Amino acid sequence: MQFRDLKQQYQVLKKDIDNAMTKVATDCNFISGQQVKDLEKELAEYVGVKHCITCANGTDALTLALMAWNIGKGDAVFVPDFTFFASGECPALEGATPVFVDVKEETYNIDSEKLETAIKRVIDEGKYMPKVVVAVDLFGQPAEYDKIRHICDKYNLLLLEDGAQGFGGSINEKMACSFGDIATTSFFPAKPLGCYGDGGAIFTDNDQWAELIRSYAVHGKGSMKYDNVRIGLNSRLDTIQAAILQVKLKAFKDYEVDAVNKVARMYTEALKNSSIVLPVVLENYVSSWAQYTVQLPEEIDRVALQADLKERGIPTMVYYPKPMHLQGAFEGTDSAEADCSVTAKLCKCVLALPMHPYMTEENVNEVVNALIEKISK
Ligand SMILES: *Cc1c(COP(=O)(O)O)cnc(C)c1O
(Lines give C-alpha, C1' and ligand atoms only; values in the text may rest on other atoms or scores of the structure.)
Protein backbone atom coordinates (compact mmCIF):
# COMPACT_ATOMS: atom_id res chain seq x y z
CA MET A 1 0.00 0.00 0.00
CA GLN A 2 1.17 3.51 -0.81
CA PHE A 3 0.75 6.47 1.55
CA ARG A 4 -0.23 8.58 -1.44
CA ASP A 5 -0.45 6.50 -4.61
CA LEU A 6 0.97 8.66 -7.39
CA LYS A 7 1.88 5.59 -9.46
CA GLN A 8 -1.75 4.50 -9.61
CA GLN A 9 -2.83 8.04 -10.49
CA TYR A 10 -0.31 8.10 -13.36
CA GLN A 11 -1.62 4.78 -14.71
CA VAL A 12 -5.14 6.20 -14.79
CA LEU A 13 -4.13 9.49 -16.46
CA LYS A 14 -1.17 8.14 -18.46
CA LYS A 15 -2.39 8.79 -21.97
CA ASP A 16 -3.23 12.44 -21.37
CA ILE A 17 -0.15 13.13 -19.23
CA ASP A 18 2.19 11.52 -21.76
CA ASN A 19 0.62 13.57 -24.55
CA ALA A 20 0.92 16.76 -22.52
CA MET A 21 4.60 16.13 -21.72
CA THR A 22 5.42 15.13 -25.31
CA LYS A 23 3.83 18.30 -26.63
CA VAL A 24 6.12 20.44 -24.46
CA ALA A 25 9.17 18.47 -25.59
CA THR A 26 8.07 18.80 -29.23
CA ASP A 27 7.35 22.51 -29.03
CA CYS A 28 10.35 23.26 -26.76
CA ASN A 29 8.39 26.06 -25.07
CA PHE A 30 9.89 25.08 -21.72
CA ILE A 31 9.61 28.46 -19.99
CA SER A 32 6.40 30.53 -19.87
CA GLY A 33 4.64 28.52 -22.57
CA GLN A 34 0.98 28.94 -23.42
CA GLN A 35 0.10 26.08 -21.03
CA VAL A 36 1.23 28.23 -18.09
CA LYS A 37 -1.09 31.07 -19.09
CA ASP A 38 -3.97 28.66 -19.72
CA LEU A 39 -3.44 26.90 -16.40
CA GLU A 40 -3.41 30.22 -14.52
CA LYS A 41 -6.76 31.07 -16.07
CA GLU A 42 -8.21 27.65 -15.16
CA LEU A 43 -6.92 27.86 -11.59
CA ALA A 44 -8.24 31.39 -11.04
CA GLU A 45 -11.63 30.33 -12.35
CA TYR A 46 -11.75 27.21 -10.17
CA VAL A 47 -10.81 29.16 -7.03
CA GLY A 48 -13.01 32.11 -7.93
CA VAL A 49 -10.43 34.90 -7.77
CA LYS A 50 -9.34 37.46 -10.34
CA HIS A 51 -5.62 36.67 -10.54
CA CYS A 52 -3.55 33.51 -10.39
CA ILE A 53 0.22 33.77 -10.75
CA THR A 54 2.10 30.48 -10.89
CA CYS A 55 5.63 30.22 -9.48
CA ALA A 56 8.38 27.74 -8.67
CA ASN A 57 7.00 26.29 -5.41
CA GLY A 58 4.71 26.95 -2.47
CA THR A 59 7.49 28.45 -0.39
CA ASP A 60 8.31 31.06 -3.04
CA ALA A 61 4.58 31.76 -3.29
CA LEU A 62 4.53 32.78 0.40
CA THR A 63 7.71 34.83 0.00
CA LEU A 64 6.38 36.62 -3.08
CA ALA A 65 3.19 37.58 -1.21
CA LEU A 66 5.22 39.01 1.67
CA MET A 67 7.49 40.86 -0.79
CA ALA A 68 4.46 42.44 -2.47
CA TRP A 69 3.35 43.71 0.95
CA ASN A 70 6.87 44.91 1.79
CA ILE A 71 6.99 42.88 5.00
CA GLY A 72 10.34 42.97 6.77
CA LYS A 73 12.33 43.97 9.82
CA GLY A 74 10.25 45.12 12.76
CA ASP A 75 7.07 43.48 11.50
CA ALA A 76 5.21 40.76 13.41
CA VAL A 77 3.65 37.97 11.34
CA PHE A 78 1.28 35.63 13.19
CA VAL A 79 1.69 31.97 12.21
CA PRO A 80 0.22 28.74 13.62
CA ASP A 81 2.67 26.77 15.76
CA PHE A 82 1.49 23.53 14.15
CA THR A 83 2.34 23.67 10.43
CA PHE A 84 5.01 22.97 7.84
CA PHE A 85 8.18 24.99 8.39
CA ALA A 86 7.75 27.23 5.33
CA SER A 87 4.74 29.05 6.88
CA GLY A 88 7.10 30.61 9.43
CA GLU A 89 10.32 30.41 7.46
CA CYS A 90 9.17 32.83 4.74
CA PRO A 91 8.32 35.74 7.08
CA ALA A 92 11.63 35.16 8.89
CA LEU A 93 13.54 35.13 5.59
CA GLU A 94 12.06 38.55 4.83
CA GLY A 95 13.42 39.78 8.17
CA ALA A 96 10.06 39.84 9.96
CA THR A 97 9.40 38.12 13.29
CA PRO A 98 7.04 35.14 13.21
CA VAL A 99 4.84 35.04 16.31
CA PHE A 100 3.63 31.50 16.80
CA VAL A 101 0.03 30.93 17.87
CA ASP A 102 -1.49 27.72 19.20
CA VAL A 103 -4.03 25.69 17.20
CA LYS A 104 -7.34 24.04 18.00
CA GLU A 105 -7.25 20.41 19.03
CA GLU A 106 -10.29 19.49 16.90
CA THR A 107 -9.35 21.07 13.56
CA TYR A 108 -5.55 21.48 13.86
CA ASN A 109 -5.99 25.04 12.57
CA ILE A 110 -5.06 28.35 14.21
CA ASP A 111 -7.05 29.22 17.36
CA SER A 112 -8.68 32.58 16.68
CA GLU A 113 -9.05 33.48 20.37
CA LYS A 114 -5.38 32.81 21.05
CA LEU A 115 -4.57 34.75 17.86
CA GLU A 116 -6.27 37.83 19.24
CA THR A 117 -4.50 37.42 22.58
CA ALA A 118 -1.15 37.21 20.76
CA ILE A 119 -1.90 40.33 18.70
CA LYS A 120 -2.80 42.30 21.83
CA ARG A 121 0.38 41.12 23.56
CA VAL A 122 2.57 42.22 20.62
CA ILE A 123 0.83 45.63 20.57
CA ASP A 124 1.32 46.01 24.35
CA GLU A 125 5.00 45.06 24.18
CA GLY A 126 5.55 47.57 21.38
CA LYS A 127 8.65 45.89 19.99
CA TYR A 128 7.13 44.72 16.70
CA MET A 129 4.42 46.08 14.46
CA PRO A 130 1.62 43.54 13.79
CA LYS A 131 1.20 43.30 10.00
CA VAL A 132 0.10 39.89 8.73
CA VAL A 133 -1.79 36.78 9.83
CA VAL A 134 -0.71 33.61 8.02
CA ALA A 135 -3.66 31.21 8.26
CA VAL A 136 -2.85 27.67 7.18
CA ASP A 137 -5.47 25.26 5.78
CA LEU A 138 -3.85 22.34 7.55
CA PHE A 139 -4.38 18.79 6.28
CA GLY A 140 -6.90 20.09 3.73
CA GLN A 141 -9.44 21.89 5.92
CA PRO A 142 -9.75 25.67 5.52
CA ALA A 143 -9.02 27.72 8.65
CA GLU A 144 -11.91 29.53 10.38
CA TYR A 145 -11.90 32.51 8.04
CA ASP A 146 -15.03 34.25 9.33
CA LYS A 147 -13.38 34.68 12.74
CA ILE A 148 -9.89 35.33 11.39
CA ARG A 149 -11.12 37.95 8.91
CA HIS A 150 -12.95 39.73 11.72
CA ILE A 151 -9.73 39.90 13.78
CA CYS A 152 -7.68 41.07 10.77
CA ASP A 153 -10.19 43.88 10.15
CA LYS A 154 -10.24 44.86 13.84
CA TYR A 155 -6.42 45.19 14.04
CA ASN A 156 -5.85 46.30 10.46
CA LEU A 157 -3.81 43.24 9.49
CA LEU A 158 -3.34 41.58 6.11
CA LEU A 159 -4.52 37.99 5.76
CA LEU A 160 -2.25 35.53 3.96
CA GLU A 161 -3.86 32.15 3.34
CA ASP A 162 -1.32 29.34 3.14
CA GLY A 163 -3.43 26.94 1.11
CA ALA A 164 -0.59 24.54 0.26
CA GLN A 165 -2.62 21.70 1.77
CA GLY A 166 -6.07 23.20 1.44
CA PHE A 167 -6.45 23.53 -2.33
CA GLY A 168 -9.78 21.99 -3.33
CA GLY A 169 -11.44 22.55 0.05
CA SER A 170 -14.21 25.06 0.68
CA ILE A 171 -16.45 26.83 3.19
CA ASN A 172 -20.10 27.22 2.13
CA GLU A 173 -18.93 26.46 -1.41
CA LYS A 174 -16.41 29.30 -1.42
CA MET A 175 -13.13 27.72 -2.45
CA ALA A 176 -9.89 27.53 -0.47
CA CYS A 177 -7.28 30.01 -1.75
CA SER A 178 -9.97 32.68 -2.04
CA PHE A 179 -10.04 33.64 1.66
CA GLY A 180 -6.77 35.53 2.05
CA ASP A 181 -6.03 39.03 0.79
CA ILE A 182 -3.43 36.92 -0.94
CA ALA A 183 -3.53 33.09 -0.90
CA THR A 184 -0.84 30.64 -1.92
CA THR A 185 -0.65 26.97 -2.77
CA SER A 186 1.92 24.31 -3.58
CA PHE A 187 2.00 21.73 -6.36
CA PHE A 188 4.59 19.54 -4.61
CA PRO A 189 3.80 16.00 -5.83
CA ALA A 190 2.14 14.79 -2.61
CA LYS A 191 -0.13 17.83 -2.15
CA PRO A 192 -3.85 17.55 -3.01
CA LEU A 193 -3.07 18.88 -6.51
CA GLY A 194 0.53 17.96 -7.28
CA CYS A 195 2.76 18.20 -10.35
CA TYR A 196 5.85 16.13 -11.26
CA GLY A 197 8.36 18.27 -9.41
CA ASP A 198 8.10 21.62 -7.64
CA GLY A 199 5.44 24.19 -8.38
CA GLY A 200 3.27 26.79 -6.68
CA ALA A 201 0.71 29.52 -7.21
CA ILE A 202 -0.50 32.81 -5.76
CA PHE A 203 -4.11 34.01 -5.81
CA THR A 204 -5.50 37.51 -5.28
CA ASP A 205 -8.28 39.83 -6.38
CA ASN A 206 -5.98 42.85 -6.04
CA ASP A 207 -4.65 44.13 -9.40
CA GLN A 208 -1.75 46.05 -7.92
CA TRP A 209 -0.43 43.13 -5.83
CA ALA A 210 -0.83 40.77 -8.78
CA GLU A 211 1.27 43.04 -10.96
CA LEU A 212 3.92 43.41 -8.26
CA ILE A 213 4.09 39.64 -7.74
CA ARG A 214 4.49 39.05 -11.50
CA SER A 215 7.40 41.45 -11.38
CA TYR A 216 9.05 40.00 -8.24
CA ALA A 217 8.73 36.48 -9.67
CA VAL A 218 10.83 37.39 -12.73
CA HIS A 219 13.83 39.36 -11.43
CA GLY A 220 11.78 42.45 -10.60
CA LYS A 221 11.00 43.05 -14.26
CA GLY A 222 9.55 46.38 -15.36
CA SER A 223 8.16 46.90 -18.85
CA MET A 224 10.08 43.82 -20.04
CA LYS A 225 12.44 41.12 -18.80
CA TYR A 226 15.63 43.19 -19.28
CA ASP A 227 14.22 46.24 -17.57
CA ASN A 228 14.64 45.53 -13.86
CA VAL A 229 12.96 47.95 -11.50
CA ARG A 230 13.21 46.01 -8.22
CA ILE A 231 15.17 43.14 -6.69
CA GLY A 232 13.24 39.94 -7.21
CA LEU A 233 13.52 36.20 -7.67
CA ASN A 234 13.58 33.73 -10.52
CA SER A 235 10.43 31.82 -9.62
CA ARG A 236 8.42 30.40 -12.50
CA LEU A 237 6.37 27.26 -13.06
CA ASP A 238 7.88 25.18 -15.88
CA THR A 239 5.65 24.70 -18.93
CA ILE A 240 5.94 20.92 -18.54
CA GLN A 241 4.58 21.16 -14.99
CA ALA A 242 1.74 23.40 -16.15
CA ALA A 243 0.88 20.90 -18.90
CA ILE A 244 0.79 18.04 -16.38
CA LEU A 245 -1.27 20.15 -13.97
CA GLN A 246 -3.86 20.88 -16.67
CA VAL A 247 -4.51 17.14 -16.97
CA LYS A 248 -4.44 16.59 -13.21
CA LEU A 249 -6.68 19.60 -12.45
CA LYS A 250 -9.38 18.05 -14.61
CA ALA A 251 -9.26 14.76 -12.69
CA PHE A 252 -9.08 16.73 -9.43
CA LYS A 253 -12.27 18.65 -10.24
CA ASP A 254 -14.09 15.71 -11.87
CA TYR A 255 -13.64 13.07 -9.18
CA GLU A 256 -10.51 13.22 -6.99
CA VAL A 257 -11.83 15.63 -4.34
CA ASP A 258 -15.01 13.57 -4.08
CA ALA A 259 -12.96 10.37 -3.89
CA VAL A 260 -10.80 11.50 -0.96
CA ASN A 261 -13.92 12.63 0.88
CA LYS A 262 -15.37 9.18 0.37
CA VAL A 263 -12.20 7.58 1.77
CA ALA A 264 -12.35 9.95 4.76
CA ARG A 265 -15.96 8.95 5.45
CA MET A 266 -14.97 5.27 5.32
CA TYR A 267 -12.17 5.83 7.85
CA THR A 268 -14.43 7.86 10.12
CA GLU A 269 -17.22 5.30 10.02
CA ALA A 270 -14.88 2.37 10.67
CA LEU A 271 -12.94 4.06 13.50
CA LYS A 272 -15.73 5.95 15.24
CA ASN A 273 -16.05 3.49 18.13
CA SER A 274 -12.31 3.19 18.76
CA SER A 275 -10.23 5.09 21.31
CA ILE A 276 -8.57 7.03 18.46
CA VAL A 277 -9.52 10.72 18.09
CA LEU A 278 -10.66 11.34 14.51
CA PRO A 279 -10.29 14.51 12.44
CA VAL A 280 -13.27 16.88 12.63
CA VAL A 281 -14.53 18.80 9.61
CA LEU A 282 -16.64 21.79 10.61
CA GLU A 283 -20.19 22.24 9.38
CA ASN A 284 -20.37 23.61 5.82
CA TYR A 285 -16.61 23.04 5.42
CA VAL A 286 -15.13 20.66 2.84
CA SER A 287 -11.63 19.29 3.30
CA SER A 288 -9.42 18.26 0.39
CA TRP A 289 -7.85 15.72 2.77
CA ALA A 290 -4.18 16.42 2.18
CA GLN A 291 -3.88 14.18 5.23
CA TYR A 292 -6.20 12.04 7.32
CA THR A 293 -4.63 12.73 10.71
CA VAL A 294 -5.80 10.95 13.86
CA GLN A 295 -4.75 11.38 17.49
CA LEU A 296 -3.57 8.25 19.26
CA PRO A 297 -4.46 7.47 22.89
CA GLU A 298 -1.78 8.74 25.26
CA GLU A 299 -0.56 5.27 26.28
CA ILE A 300 0.23 4.19 22.72
CA ASP A 301 3.89 4.04 21.71
CA ARG A 302 3.72 5.78 18.33
CA VAL A 303 7.17 4.69 17.14
CA ALA A 304 6.40 1.03 17.85
CA LEU A 305 2.96 1.30 16.27
CA GLN A 306 4.38 2.79 13.08
CA ALA A 307 6.99 0.01 12.91
CA ASP A 308 4.31 -2.66 13.36
CA LEU A 309 2.10 -1.14 10.70
CA LYS A 310 5.05 -0.80 8.35
CA GLU A 311 5.78 -4.49 8.78
CA ARG A 312 2.25 -5.19 7.59
CA GLY A 313 2.84 -2.98 4.55
CA ILE A 314 0.97 0.05 5.89
CA PRO A 315 2.86 3.35 5.67
CA THR A 316 2.06 6.16 8.13
CA MET A 317 3.57 9.58 8.73
CA VAL A 318 3.92 12.05 11.58
CA TYR A 319 2.93 15.59 10.58
CA TYR A 320 4.34 17.33 12.56
CA PRO A 321 6.69 16.01 15.23
CA LYS A 322 7.88 19.42 16.47
CA PRO A 323 6.17 22.74 17.28
CA MET A 324 7.43 25.57 15.08
CA HIS A 325 8.63 27.70 18.01
CA LEU A 326 10.92 24.85 19.14
CA GLN A 327 12.63 24.47 15.76
CA GLY A 328 16.36 25.04 16.04
CA ALA A 329 16.21 27.80 13.44
CA PHE A 330 14.26 29.99 15.88
CA GLU A 331 16.39 29.21 18.93
CA GLY A 332 17.43 32.36 20.74
CA THR A 333 15.02 34.57 18.77
CA ASP A 334 11.80 36.18 20.05
CA SER A 335 9.91 33.66 17.87
CA ALA A 336 11.03 30.89 20.24
CA GLU A 337 8.79 32.31 22.97
CA ALA A 338 5.32 30.89 22.55
CA ASP A 339 2.72 29.33 24.79
CA CYS A 340 1.27 26.49 22.71
CA SER A 341 0.16 23.56 24.86
CA VAL A 342 -2.25 22.12 22.27
CA THR A 343 0.46 22.00 19.62
CA ALA A 344 2.83 20.33 22.10
CA LYS A 345 0.22 17.66 22.77
CA LEU A 346 -0.61 17.12 19.08
CA CYS A 347 3.04 16.74 18.11
CA LYS A 348 3.25 13.77 20.50
CA CYS A 349 0.10 11.92 19.41
CA VAL A 350 -0.79 12.65 15.76
CA LEU A 351 -0.55 10.02 13.07
CA ALA A 352 -1.39 10.46 9.39
CA LEU A 353 -2.91 7.41 7.69
CA PRO A 354 -2.65 6.50 3.99
CA MET A 355 -4.96 8.82 2.04
CA HIS A 356 -5.44 9.39 -1.68
CA PRO A 357 -8.21 9.36 -4.30
CA TYR A 358 -7.39 5.86 -5.55
CA MET A 359 -7.71 4.08 -2.20
CA THR A 360 -10.17 1.20 -2.21
CA GLU A 361 -12.50 0.06 0.55
CA GLU A 362 -10.20 -2.98 1.01
CA ASN A 363 -7.24 -0.64 1.54
CA VAL A 364 -9.16 1.31 4.17
CA ASN A 365 -10.27 -1.86 5.95
CA GLU A 366 -6.73 -3.18 5.98
CA VAL A 367 -5.49 0.00 7.68
CA VAL A 368 -8.41 0.12 10.11
CA ASN A 369 -8.15 -3.54 11.12
CA ALA A 370 -4.41 -3.36 11.71
CA LEU A 371 -4.79 -0.15 13.67
CA ILE A 372 -7.62 -1.38 15.89
CA GLU A 373 -5.80 -4.64 16.54
CA LYS A 374 -2.65 -2.80 17.67
CA ILE A 375 -4.45 -0.15 19.70
CA SER A 376 -6.64 -2.54 21.66
CA LYS A 377 -3.77 -4.86 22.52
C1 LIG B 1 4.16 22.10 1.40
C2 LIG B 1 3.85 23.32 2.16
C3 LIG B 1 4.47 24.56 1.88
C4 LIG B 1 5.59 24.71 0.91
O5 LIG B 1 5.37 24.25 -0.38
P6 LIG B 1 6.60 23.82 -1.31
O7 LIG B 1 6.00 23.73 -2.66
O8 LIG B 1 7.11 22.52 -0.81
O9 LIG B 1 7.62 24.89 -1.24
C10 LIG B 1 4.06 25.67 2.60
N11 LIG B 1 3.13 25.59 3.56
C12 LIG B 1 2.52 24.42 3.87
C13 LIG B 1 1.48 24.39 4.94
C14 LIG B 1 2.88 23.24 3.19
O15 LIG B 1 2.29 22.10 3.52
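Reply:

**The ligand and its pocket**

In this predicted model, a polar backbone atom of Gly58 lies 2.7 Å from an oxygen atom of the ligand. A polar side-chain atom of Thr59 is 2.5 Å from an oxygen atom of the ligand, and a polar side-chain atom of Asp162 is 2.7 Å from a nitrogen atom of the ligand. A polar contact is a pair of N or O atoms within 3.5 Å; within protein, one must be able to donate a hydrogen and the other to accept it, and residues adjacent in sequence count only if both atoms are side-chain atoms. The protein covers 93% of the 380 Å² of accessible area that the ligand has on its own (Shrake-Rupley method with a 1.4 Å probe; for residues, only the protein chains shown count as cover).

As for the sources, the model is predicted, so that local features need pLDDT of at least 70 and side-chain atom pairs count only at pLDDT 80 or more, while totals for chains, interfaces and linings use all residues. Residues are numbered from 1 along each chain as its sequence is written, and side-chain values use heavy atoms, with hydrogens and water left out.

There are 14 residues around the ligand, and Gly58, Thr59, Asp162, Ser186 and Lys191 come nearest (a residue is near if one of its heavy atoms lies within 4 Å). Helix H3 (58-68) and helix H4 (86-93) are the elements that give two or more residues to this shell; helices (H or I, at least four residues) and strands (E, at least two) are DSSP runs, numbered from the N terminus. By type, the shell holds four nonpolar, eight polar and two charged residues. Here Ala, Val, Leu, Ile, Met, Phe, Trp, Tyr, Cys and Pro count as nonpolar, Asp, Glu, Lys and Arg as charged, and the others, Gly among them, as polar.

The ligand takes up the space of the largest pocket. On a 1 Å grid over the protein atoms alone, a pocket is an open set of points with protein on both sides within 12 Å along at least five of seven lines, whereas a cavity is a set where a 1.4 Å probe fits but cannot get out; lining residues have an atom within 4 Å of a point. A molecule sits in either if more than half of its atoms lie within 2 Å of its grid points.

About 510 Å³ of space lies in the largest pocket, the volume being that filled by probe spheres set on points joined across faces, edges and corners. Its lining has 26 residues, with Phe84, Gln165, Ser186, Phe188 and Lys191 nearest the centre. Both H3 and H4 supply at least two residues of this lining, which divides into 13 nonpolar, eight polar and five charged residues.
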